[in-house]
Amino acid sequence: MKKLLLIITCTVLIVAKCNAAARSKGSKMPSQPIKLYYLPPSPPCRAVMMTARALGLDLDLVLTNIMEGQHMTPEFLKMNPQHTIPTMDDSGFILWESRAIMTYLANAYGRDDSLYPKNPRSRALVDQRLNFDLGTLFNRFFNLYGRMLFQGEKYDDEAAKKLKEAIGWMNTMLDGRAFVAGDNMTLADISIIVTFSNLEAFGYDFSDHENVDKWFQRTKKILEPYGYEEIDKKGASMLASVLKKQ
């Protein structure tokens with residue numbers, strides 16, 4: 001009887017180990033935490049960090065103070081010749097540009113395709129919104145506030161008009177949609193919200209764009225479990241404090 005129990009126990013342990021190995025082999029989680037070279041106030045860094053949280057990924061955060069030239073060391077330049085943050089190191093796979101990192105993480109480690117759909121048309125819409133953010137919305141935000149933050153320039157009414165125009169386009173994009181690319185949150189929302197978190201922290205009023213305002217409130221709530229307050233809002237407040245000192 002004891003021998004039989006021993007055989008059963010050993011069999012159960014072997015099966016359990018095999019199942020664990022199979023789960024490990026089939027798991028999409030990285031074998032070790034992904035390194036992210038970052039700075040807390042950086043909007044692109046914040047977008048990547050919230051994406052990782054939404055995907056359930058652990059990040060090994062490497063503080064990289066660009067104000068002190070930590071992005072210009074020989075080691076960093078060898079890794080990323082453009083010396084930009086965020087920069088990702090996933091077990092030797094190096095990638096920079098926040099939206100490229102976000103789509104890579106979703107493709108490599110997403111449990112499903114909700115954040116970055118596989119359907120060609122749905123994905124194309126997400127990609128278009130990400131490109132709209134990169135080339136238009138965030139670009140116009142930076143043309144206004146980046147110069148104030150880093151060059152000490154005054155508020156530029158013409159740049160402000162360009163930013164308001166882009167927000168108006170986004171307001172139209174949101175007609176009949178809960179989120180920027182459809183009925184559920186995607187990477188595009190995570191990328192775009194950091195711009196509006198900055199605007200809110202800077203005291204910019206976009207409440208006259210009803211669709212955008214409702215989207216912002218809705219998306220903030222959904223991102224609360226993924227570090228919205230801790231990562232995004234806190235980072236935006238850091239930038240706002242710099243702006244106030246100008």
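User: Which residues do ring pairs link into a cluster?

Analyst: The cluster joined by ring pairs consists of Phe 138, Phe 141, Phe 142, Tyr 145, Phe 150, Tyr 155 and Phe 202. Rings of Phe, Tyr and Trp (its six-membered ring) pair if their centres lie within 6.5 Å. This is a predicted model, in which local features need pLDDT of at least 70 and side-chain atom pairs count only at pLDDT 80 or more, while totals for chains, interfaces and linings use all residues. Residues are numbered from 1 along each chain as its sequence is written, and side-chain values use heavy atoms, leaving out hydrogens and water.

User: How many aromatic pairs does the whole structure hold, and why is the pair of Phe 138 and Phe 141 called tilted?

Analyst: A search of the whole structure finds 15 aromatic pairs. For Phe 138 and Phe 141, the ring centres are 5.5 Å apart and the planes stand at 40°. Planes under 30 degrees apart count as stacked, over 60 as edge-to-face and the rest as tilted; the pair is therefore tilted.

User: Why is Phe 141 counted as buried?

Analyst: Buried means under 20% relative accessible area, exposed over 50%, and partly exposed in between (1.4 Å probe, protein chains only). Phe 141 has 2% relative accessibility, and therefore counts as buried. Phe 138, at 16%, is buried as well.

User: What makes the pair of Phe 206 and Phe 216 edge-to-face?

Analyst: Their planes are 80° apart, with 5.5 Å centre to centre, and the pair is accordingly edge-to-face.
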